[in-house]
Each structure stands twice: as structure tokens, then as C-alpha cells.
Amino acid sequence: MAVNIFSSSLTNTLLESLWIRILPIWRVIVKAEREKGFVVIKVIDHGRGMSEEEVKSLGTPFYSLKSKGTGLGLMICFNIVEKYNGRIEFKSLKDYGTTTLVRFPYCDRAKAKYKRNLQK
């Protein structure tokens with residue numbers, strides 16, 4: 001259930017950020033790949049970008065870049081991702097866009113299940 005809440009929260013946060021950052025551009029790239037023991041989800045936009053100060057404040061309770069935002073959505077996402085030993089990173093350049101990276105440790109369930117069966 002927590003994964004469903006996370007994916008729903010991540011989707012909502014992504015869609016809300018699209019409306020604010022890239023409304024006139026409408027170009028977003030979403031990738032998922034494996035990197036050194038992690039599954040990495042990359043969301044790349046070419047919107048207005050953020051300053052270093054804004055990036056550092058993301059995930060802080062009640063901090064929002066939206067005029068009517070509560071500042072709780074990203075904080076919840078950070079907490080859920082950390083619960084599953086993951087992390088969220090932002091790389092942004094003002095006027096050029098933002099790349100959001102969500103990293104989770106890679107676990108091959110088939111291998112894990114096979115190893116458990118061998119130990120029985």
C-alpha cells in the first residue's frame with residue numbers, strides 16, 4: 001500500500017510541477033534505468049529551472065514554489081522514498097530546466113526468492 005501511495009504522490013507531484021514549470025514548453029522526458037545497484041527514475045524537464053536556494057529548500061515542510069501550495073507533497077515523497085532506502089535528488093539550472101532523480105536499491109526478486117529456497 002505504501003508503494004501505491006508513493007506512486008500516486010509522485011505522479012501528482014510530477015503533474016503539478018509540470019503545470020508550473022513547463023506549461024509553454026510541454027517537453028518532459030521520463031527514464032528508468034539501472035545504475036550501480038540502484039534503479040533510477042529520471043524526470044527531465046526544460047522549464048524555468050530553479051536556483052540553488054530553491055533546490056536546497058525542496059522537501060522542507062511548508063516550503064512551496066506554488067502560490068497556493070501547502071509545501072507538504074515533496075516532504076511526503078522524501079519520507080516515503082527514504083523509508084525504502086531510496087533518495088531524491090534535483091539537478092537544476094535557472095532558465096534551462098530540472099532533472100529529478102529518484103533512486104532505490106535494486107533488488108532482483110527472482111534471485112532473492114531463489115536464494116531463500118536454497119536455504120530451506
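This note goes through the fold, the surface and the charged pairs of a predicted model.

1. **Fold.** The protein chain carries 4 helices and 4 strands. In sequence order the pattern runs α-β-β-α-α-β-β-α.

2. **Burial and surface.** The protein chain has 120 residues, and 28% of them are buried. Its accessible surface is about 8,600 Å². Carbon and sulfur atoms supply 57% of that area.

3. **Salt bridges overall.** How many salt bridges does a search of the whole structure find? The count is 7. As background, side chains of opposite charge can pair when their charged atoms come close.

4. **Lys 42 and its partners.** Lys 42 takes part in two of the pairs described here. With Glu 33, the N to O distance is 3.0 Å. With Glu 35, the N to O distance is 3.4 Å. Both pairs qualify because a salt bridge requires the nitrogen and the carboxyl oxygen to lie within 4 Å.

5. Is Lys 42 buried or exposed? Lys 42 has a relative accessible area of 18%, so it is buried, the limit being under 20%. Glu 33 has a relative accessible area of 29% and is partly exposed. Glu 35 is also partly exposed, at 24% relative accessibility.

6. Arg 87 forms a salt bridge with Glu 89. Their closest N and O atoms are 2.7 Å apart. Arg 87 is partly exposed, with 43% relative accessibility. Which residues do salt bridges with shared partners join into one network? They are Glu 33, Glu 35, Lys 42, Arg 87, Glu 89 and Arg 103. The Lys 42 pairs of point 5 and the Arg 87 pair thus belong to one network, because salt bridges that share partners link these residues.

7. **Glu 54.** Where does Glu 54 sit? Glu 54 is in helix α2, which spans residues 52-57. Its relative accessible area is 15%, so Glu 54 counts as buried. Which residues does Glu 54 contact, once neighbours within four places in sequence are left aside? They are Arg 48, Gly 49, Tyr 63, Leu 65 and Lys 94.

Note on methods. Residues numbered from 1 in each chain as written. Predicted model: local features only at pLDDT ≥ 70, side-chain atom pairs only at ≥ 80, totals over all residues. Heavy atoms only, no water. Helix = DSSP H or I, 4+ residues; strand = E, 2+ residues; numbered from the N terminus. Buried < 20%, exposed > 50% of the residue type's maximum accessible area, 1.4 Å probe, protein only. Areas by Shrake-Rupley, 256 points an atom, 1.4 Å probe, with all protein chains shown as cover. Salt bridge = Lys/Arg side-chain N within 4 Å of Asp/Glu carboxyl O. Contact = heavy atoms within 4.5 Å.
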